[in-house]
Amino acid sequence: MTKPARAAKPAYRCTECGADSLRWVGRCPECQAWGSVTEVGATTRRAVAASPVTRAARPIGELSPDEARARPTGVAELDRVLGGGLVPGSVVLLAGEPGVGKSTLLLDVAHRYAAGGSRALIVTGEESTAQVRLRAERIGAVDPNLFLAAENDLGALLTHLDDVTPGLLVVDSVQTISTDAVDGTAGGVPQIRAVAAALIAVAKERGIATVLVGHVTKDGAIAGPRVLEHLVDVVLHFEGDRHSSLRLVRATKNRHGPADEVGCFEMREDGMVGLTDPSGLFLSDRTSAVDGACVTIAVEGRRALATEIQALTNKVNYGASPRRAVSNLDSARVAMLLAVLARHTRLPMGEADVYVATVGGIIANEPACDLGIALALVSAVRELPIPPTICAIGEVSLSGDVRRVPNLARRLAEAGRLGFTTVLVPKAHAGEALPPGPVEGVQTVPVATINDAMASIEALSRRGGGPRRAALRPIEGGNRGTPVTPTT
């Protein structure tokens, strides 16, 4: 006697991220969105039987790692983020704001790949081939091994792969590709999941290095289901301000290299130019001291970047409320530092308008920049110029203490390379062994509290702060941080 089939149970799915659930919940457990879980049908439990394997399991020592060797793209900053280059069969998801330069960068990468003797295919679902051809002519990315196709259907895309047999595939963008095998419009959660799964399977099977361009939401997150980021091998975010030429490629997931690396680019008329030494972009050109400016050393990924913090204070009119304006900094952290200064230094921070920003458009949200921000505010309120040979590194706590920071040796090496002679550091780092090199020319001044830092700045200002810092000049290749010989 056969057993009766189990009754089908309803299935629920989040319309925001595509996560499945066996029961209805008011808040999606994956993306935390409210009211996005809806019933999509019924599922029947089926027994899973053993099936034939595609490849037999082998001892790990007998497997060759050569198939997973990275191939350089020719763009040094992108290779830095990827961990050496593109791995055959890997899938990279690159997302960013509209107009930030994703298509321009990937066109350059595909051109360099094709110039190396291998075929590259760009499938665009947002532009015509003529538009891409004009951009390629502008940046000098025309090569016989570079193929273009304008398609929105997944089946047609797979046909192009059979005809071209490329080693590199660029899909711009994955939200514009659809398939008839799944219901829904292009860009919807079911379509994105199906298209991405098919492209990933083809890339793994044929050993094609694949780059998928993704859209972002108004909050800056990658549009589509969260499972898309789990399926791909590398997730990159392309960041940049429309009013600045600086562009940052940040890795948030990388199965083939570091997941905390950052690449710096500069947007120019002839395309994206990598900045191997971008510190000069974030420092002003002057070498004399002014009120409200202090330099700190931030760390982006594994790269130390000198960042100048500028602050301006202005006494408010009688009866008016003071304003707080922050650019490229964490406004909540700046407000906390204002409260710390008002409480522990007795400075009249609540009686003035406060404006704080960084130079060059870099975003400095790292706690290690606290001391630089605080001293810039102190310099602005007390009209006390900080000598340009001094920079400050440290995290400021609510009690006014200056706490230790990670990667101090790397920060000091960058400060010494750029010509800084004195660095205020947390007292907790006193006595630590530092590597030789540029650090030998840097004098560290340990400070325990924000009041100690203010006293040190006053003493150094009276002595003039030592020799002037080396001026920065641009050189070939986009480098902006090579110092000129310092003058005394």
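# Exercises on a predicted protein model

The protein chain has ten helices and 23 strands. The model is predicted.

**Exercise 1. State what share of the residues in the protein chain is buried, and what share of the accessible surface belongs to carbon and sulfur atoms.**

Step 1. Take the 488 residues of the protein chain; 47% of them are buried.

Step 2. The accessible surface of the protein chain is about 24,200 Å². Carbon and sulfur atoms hold 51% of that area.

**Exercise 2. Find how many of the contacts between residues at least 6 apart in sequence join residues at least 24 apart, as a percentage.**

Step 1. Keep the contacts in the protein chain between residues at least 6 apart in sequence.

Step 2. Of these, 68% join residues at least 24 apart.

**Exercise 3. Describe how helix α7 and helix α8 cross, and which residues meet.**

Step 1. Locate the helices. Helix α7 covers residues 331-344, and helix α8 covers residues 370-382.

Step 2. Compare the axes. They come within 10 Å and cross at roughly 60°.

Step 3. Classify the angle. Roughly perpendicular starts at 65 degrees and roughly parallel ends under 35, so α7 and α8 are oblique to each other.

Step 4. α7 passes α8 in a right-handed crossing.

Step 5. List the residues. From α7 come R333, V334, L337, L338 and L341; from α8 come D370, I373, A374, L377 and V378. In this contact of α7 with α8, eight residues are nonpolar, none is polar and two are charged.

**Exercise 4. Repeat the analysis for α8 and helix α10.**

Step 1. Helix α10 spans residues 450-463. The axes of α8 and α10 lie 11 Å apart, at an angle of about 60°.

Step 2. α8 and α10 are therefore oblique to each other. Their crossing is right-handed.

Step 3. α8 brings L371, A374, L375, V378 and R382 to the contact. α10 brings I450, A453, M454, I457 and E458.

Step 4. Sort the residues of the contact of α8 with α10 by class: eight nonpolar, no polar and two charged.

**Exercise 5. Decide whether Y113 is buried or exposed, and say which residues Y113 touches.**

Step 1. Y113 sits in helix α2, residues 102-115.

Step 2. Check the area. Y113 has a relative accessible area of 11%. Buried means under 20%, so Y113 is buried.

Step 3. Look beyond the residues up to four places away in sequence. There Y113 touches R71, S118, R119, A120, G167 and L168.

Step 4. V75 is 38 residues from Y113 along the chain, and their C-alpha atoms are separated by 9.9 Å.

How values were computed:
Residues numbered from 1 in each chain as written. Predicted model: local features only at pLDDT ≥ 70, side-chain atom pairs only at ≥ 80, totals over all residues. Heavy atoms only, no water. Helix = DSSP H or I, 4+ residues; strand = E, 2+ residues; numbered from the N terminus. Buried < 20%, exposed > 50% of the residue type's maximum accessible area, 1.4 Å probe, protein only. Contact = heavy atoms within 4.5 Å. Areas by Shrake-Rupley, 256 points an atom, 1.4 Å probe, with all protein chains shown as cover. Axes fitted to C-alpha atoms, helices over the stretch in contact; angles between N-to-C directions. Parallel < 35°, antiparallel > 145°, perpendicular 65-115°, else oblique. Left-handed = near helix turned anticlockwise from the far one by under 90°. Nonpolar A, V, L, I, M, F, W, Y, C, P; charged D, E, K, R; others polar.
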